[in-house]
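I opened this entry to record what I looked up, one topic at a time.

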Amino acid sequence: MSSLDAGFYFIEDENVPMHVGSVLVFDGPVPSYGDVIRLFLARMDQVPRYRQKVKALPFHVGRPVWVDDDHFNILYHVRHTAVPAPGGEDQLRNLAGRIFAQRLDGSKPLWEAWLVEGLEGDRWAIISKVHHCMIDGVSGSDMLQLMLDFRRDSELPEPAEWTPRPQPSTLDLVVDGVRDAVVTPVQHLSALPAIARNVRSFNEIVDFGKSVLGSLPGTARRLVTRAATSLNGPIGPHRRWVWARANLAEIKQIRTAAGGTVNDVILTAITRGFRDLLEKRGELTEGMVVRTMVPVSMRKANQHNELNNRVSAVLVNLPVGEADPVKRLASIRAQMDDLKSSRQAAGADVITNLSNFAAPTLMALGSRTAMRFPQQILQTVTTNVPGPRIPLYMLGRPLVEMFPYVPVASTIRITVGIFSYLDRITFGINADFDGVPDVQLLADGIRTGFDEMVALAAEAVEKTETKAADNGVKPETTA
C-alpha cells in the first residue's frame, strides 16, 4: 500500500467505516441474481484487487500488503435483497444508509455489491461499497464502468479460471517491512536530485514558491474566518443518507448570467443548503462560513486504471453568512481562482507524500491520532466526481441515476458527494445519525440554492432583453 492508502486503512474503527460507495438505479426488468454474479465474474480479471485482502504486519513494522484471498467466494461479496414493493426513494435511501453504516469484513476483500429489487416504476438498483484504502473517487468511477457497458447488447466473455497466488509468510513480510521502513525514505531522498534535474529551470522553482507564498495571506484569512463549529462533533455508528438533484442545463444558465465554473455553481448551491440548516437551528450569524475540504484528483490521464489513491485537497470557505446568492458565488469563485493560481493542490500533494518518509508504525499511530483529535478547522467534505456523458447499461438495462456515498470521519459529521452522469448532477449527503437528525434540510436547501440562482439568471436575461428592446436591438435567436 502507499502511505495515503495505508492511512485510510489505519483510521477505520467501529464508528468510522472508511469505504466509499454508490447507489445505481436502473430501468427495466430486474436481472436474475445468477446473471449479476456471472457479470462480476466475467469482469473480475480486470480488477484483480477484488480478489485480494489486506494483510497487516505485526506491530505495523511495514505497511499493510495486498494478498490473494485463497478462500474467495463471489457469493459473499455480491448479495441479493429487496425493499417492500412498490419501494420508493425513501425506502431505497434508508436501506442504503443501513448498508453503508456497516463495516466491511477486514478478513476478506474489502468490497460488496447488493442487488436491490422491489423499486416502483419497474426499476432496480445496485448498492456498492469499496474501502477507501483501495480506491478514490476518480478511480472508483473507472472501476464502476467496468461493470457497466456502453452498448445495450454487449456480450460477456466467459469467466477465466483463477488460482490464488501463495501468500508470503509473516516472517517474509516482517523482513520486507523492516527493509521498507529503512530503505524507502532513503530512496525518496536519493530521488530528489533526479526530481531537481526534471525541473526545467530555476525560475520555475521561484515562480512556484512565489505563488504559494503569495497565497498565504488569503489562506490565513480563510482559516481565521469564524466557522460554524456547531457542525463538528463526535460520530456514532449509524448514518443518515439523503440525496438531491440538479442538471447541467440549469448550471449552464447560471454560469452564463453570473460566470464561474460548474464546480463554483455547485459549491454555491451547497452553501445555500448549509445556510438553511444553520438558520433552522438558530445558529446562523453574519459573516459565518462552513469550511470544506475539496478533494482534487492528482491522477494523470494514463493512471485511470490504477487501484490506489492519487488525491490532494484544498480548503474553501462556504459563505453561509452571506444572504445574497450572487455574492456567495462571487466569493467562492474568487477563492477557487486564488487556489488554482497558487497551485495549493499540488503543494498539498507534496505534503501528503512526505508520509512516505515515515516508518509504518508511526504512520499508523499518526493516522489514528489525527482522525480522533478534536478539530474545528473543517466542517465538511465536498467531493465532485465527473462521470460519463453517454448512456451506460448493465445487463442490457439502462442506468438512470448514480448517487455517491462519502464516509464521515474525525469530528466531521457531514460529507457531500457529487456525481455527474449524462446531463444530470446528483448529490449523496452522508451524516451521523444522532448528530445530524435534520440532514434533509441540507438536501432541500441545495435544491433551493439552484432554484434561486436559476430565477436570478432568468431575471438577468429578461432585463438584458428588455434593455435591448428599448434601444431598438433585436434579441439574438438560435436555429
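**Strand 6 and its partners**

I began with H19, whose bridge partner in strand 6 is H131. The model is a predicted one, and I read every entry below with that in mind. I then took the whole pairing: strand 1 (residues 19-27) and strand 6 run antiparallel and are joined by nine bridges.

Next I looked up strand 5 (residues 111-119), which also runs antiparallel to strand 6, with seven bridges between them. One of the pairs I noted here is W111 with V130 of strand 6. I followed the chain from strand 5 into strand 6 and found a hairpin with three residues between the two strands. In that turn, G121 has a positive phi of about 75°.

Is strand 6 mostly covered or mostly open? I found it mostly covered: over residues 123-131, eight of the nine residues are buried.

**Salt bridges**

I counted 23 salt bridges in the model.

I moved on to helix 4 (residues 89-101), where R93 and E89 sit four residues apart, about one turn of the helix. Their salt bridge has its closest N and O atoms 3.4 Å apart. R93 is buried, with a relative accessible area of 11%. E89 is partly exposed at 34%.

I noted R245 as partly exposed, with a relative accessible area of 29%.

I then traced the links around these residues. E89, D90, R93, R245 and E401 are joined in a network of salt bridges.

**T382**

I looked up T382 in strand 10 (residues 380-385). Is T382 buried or exposed? T382 is buried, since its relative accessible area is 2% and the cut-off for buried is under 20%.

I listed what T382 touches, leaving aside neighbours within four places in sequence: L267, I270, T292, M293, V294, P295 and V416. With T292 there is also a polar contact, side chain to side chain, of 2.9 Å.

**Confidence**

I left the pLDDT values for last. The chain has a mean pLDDT of 80, and 73% of its residues reach 70 or more. Over residues 345-357 the pLDDT is below 50, and I noted 24 contacts in the model for this stretch beyond near neighbours in sequence.

Definitions and conventions:
Residues are numbered from 1 along each chain as its sequence is written. Side-chain values use heavy atoms; hydrogens and water are left out. pLDDT is the predictor's confidence in each residue, from 0 to 100. Contact means heavy atoms within 4.5 Å. A salt bridge is a side-chain nitrogen of Lys or Arg within 4 Å of a carboxyl oxygen of Asp or Glu. Buried means under 20% relative accessible area, exposed over 50%, partly exposed in between (1.4 Å probe, protein chains only). A polar contact is a pair of N or O atoms within 3.5 Å; within protein, one must be able to donate a hydrogen and the other to accept it, and residues adjacent in sequence count only if both atoms are side-chain atoms. Two strands pair if DSSP finds at least two bridges between them.
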